[in-house]
Amino acid sequence: MSSDTAPHVVEDFFGAIQLLSDGTVVRGDEAALLPPKPFPDVPGVQWKDAVYDAARGLKVRVYRPTADAGDSKLPVLVHFHGGGYCVGSYDELGGADYLRRRLAADLPALVLSVQYRLAPEHRLPAAIEDGATFLAWLRGQAALAGAGGAGAGVEQWLAESADFARTFLSGVSAGANLAHHLAVRAGSGQVDLAPARLAGLVLLSLFLGGVERTATESAPPDGVSLTVAMSDQLWRMALPVGASMDHPLANPFGPGSLGLEPVALPPVLVEAPGVDVLRDRVLLYAARLREMGKDVELAEFPGEQHGFSVLRWGQANEELIRILKQFLHRK
């Protein structure tokens, strides 16, 4: 093969992903993308993995607090990891695992960390379809629990501890984007959760895009963890080939996006870091939903970066846990 036709690198995301001109994907070590400092253990939390899609080998990691809740059932927090739809994992250690353990212990809740297929090997909407498959599995678990929690296929921890009437969708960054689109599907009747009930949507550092630049994209604040170039690159690798960043999966208010006015969204908690090139998009998202009459709580963190909930742990994270606890248990 001549040198001018040999496959060459067209995208290189910090060596973790290389996309070649012939479509080949070469994956490297994601360690450089993870927080450098180790996170402490969280006592009082146990976990186990279950398969929710045997055909694709997709799993969910279930975190459950070990403290005796008596006769009380726990809310179910379905959680999707971040990584621009291209990196990350449901079983990733470090900050992501620490966050999920803290959520399980402190809220308290059953936290379900869901695996989904990654781009560019599996471009969108593959991850959204996996999320829908998971919700179908969860609906089945709710039905089994309602029938006594016995029989083939039942996940015992859910049968014993889950309050399916308090099911929440959540995620960090791209995981928050995924959670949004699943909530839209549920709220527009495309996904049926019954006998489970979607009680809320928790969006942490929501990953969005768009062709027209916002002010924080044109003039980013100092010290961002996600640059405009990184965001653009991840969207290029995640969206269908040839799609612009006004694709409905990137821009929920773009020219081709579904109108959200008739969608029955549950209460929404939007976390908005200030040191984030996507800050203006996140604030616009919350504002537009409020204009439509949706129930939206906005939690701003002026000094924090995109994805701070999994990058480090400090006072802002403790405040986030407090806000989440109040949101999950509000009457």
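Q: Where is Ser-173 found?
A: In this predicted model, Ser-173 is found in the loop between strand S8 (162-172) and H4. Its phi is positive, at about 60 degrees, although Ser-173 is not a glycine.

Q: Why does Ser-173 count as buried?
A: The relative accessibility of Ser-173 is 9%. Buried means under 20%, so Ser-173 falls in that class.

Q: What makes Ser-205 worth a look as well?
A: Ser-205 is another residue that has a positive phi although it is not a glycine, here about 50 degrees. Its place is in the loop between S9 and helix H5 (215-218).

Q: Why is the peptide bond from Leu-124 to Pro-125 worth checking, and what is its form?
A: The bond is cis, with omega near 15 degrees. Pro-125 sits in the loop between S7 and H2. The bond from Ala-194 to Pro-195 is also cis, again with omega near 15 degrees, and Pro-195 lies in the loop between helix H4 (174-187) and strand S9 (198-204).

Q: Why are Tyr-85 and Tyr-116 called an edge-to-face pair?
A: Two values decide it. The ring centres of Tyr-85 and Tyr-116 are 6.2 Å apart, and rings pair if their centres lie within 6.5 Å, so they count as a pair. Their planes stand at 70 degrees, and planes over 60 degrees apart count as edge-to-face, so that is the name the pair gets.

Q: What does the pair of Tyr-85 and Tyr-116 tie together?
A: Tyr-85 lies in the loop between strand S6 (74-80) and helix H1 (95-106), while Tyr-116 is in the loop between strand S7 (110-114) and helix H2 (126-146). The pair therefore ties together parts that are 31 residues apart in sequence.

Q: How do you know whether Tyr-85 is buried or exposed?
A: Look at its relative accessible area, which is 1%. Buried means under 20%, so Tyr-85 is buried. Tyr-116, at 4% relative accessibility, counts as buried too.

Q: Which cluster do ring pairs form with Tyr-85 and Tyr-116?
A: Ring pairs link Phe-80, Tyr-85, Tyr-116, Phe-207 and Trp-235 into a cluster. Across the whole structure, the search finds twelve aromatic pairs. One of them joins Phe-13 and Phe-14, with 5.0 Å from centre to centre and 85 degrees between the planes. That angle is over 60 degrees, so this pair is edge-to-face. Phe-13 is buried, with a relative accessible area of 4%.

Q: What makes the charged end of Arg-61 a neighbour of the ring of Trp-47?
A: The charged end of Arg-61 sits over that ring, 3.6 Å from its centre. The distance part of the rule asks for a charge within 6 Å of the ring centre, so Arg-61 meets that part. Lys-48 is a second case: its charged end sits over the ring of Trp-157, 5.2 Å from the centre.

Q: What makes up the lining of the largest pocket?
A: By class, the lining has 17 nonpolar, twelve polar and three charged residues. The pocket has a volume of about 620 Å³. Of its 32 lining residues, Leu-33, Gly-82, Gly-83, Val-87 and Leu-311 lie nearest the centre. S6, H1, helix H6 (228-238) and helix H8 (308-311) each supply at least two lining residues, and the largest share, three residues, comes from H1.

Q: Why is Ile-323 called buried?
A: Its relative accessible area is 9%, which is under the 20% cut-off, so Ile-323 is buried. Ile-323 lies in helix H9 (residues 315-328).

Methods:
Residues numbered from 1 in each chain as written. Predicted model: local features only at pLDDT ≥ 70, side-chain atom pairs only at ≥ 80, totals over all residues. Heavy atoms only, no water. Phe/Tyr/Trp six-rings, centres within 6.5 Å; stacked < 30°, edge-to-face > 60°. Buried < 20%, exposed > 50% of the residue type's maximum accessible area, 1.4 Å probe, protein only. Helix = DSSP H or I, 4+ residues; strand = E, 2+ residues; numbered from the N terminus. Lys NZ or Arg CZ within 6 Å of the ring centre and 35° of its normal. 1 Å grid on protein atoms, 1.4 Å probe; cavity = no way out; pocket = protein on both sides within 12 Å on 5 of 7 lines; lining within 4 Å. Points joined across faces, edges and corners; volume = space filled by probe spheres on them. Nonpolar A, V, L, I, M, F, W, Y, C, P; charged D, E, K, R; others polar.
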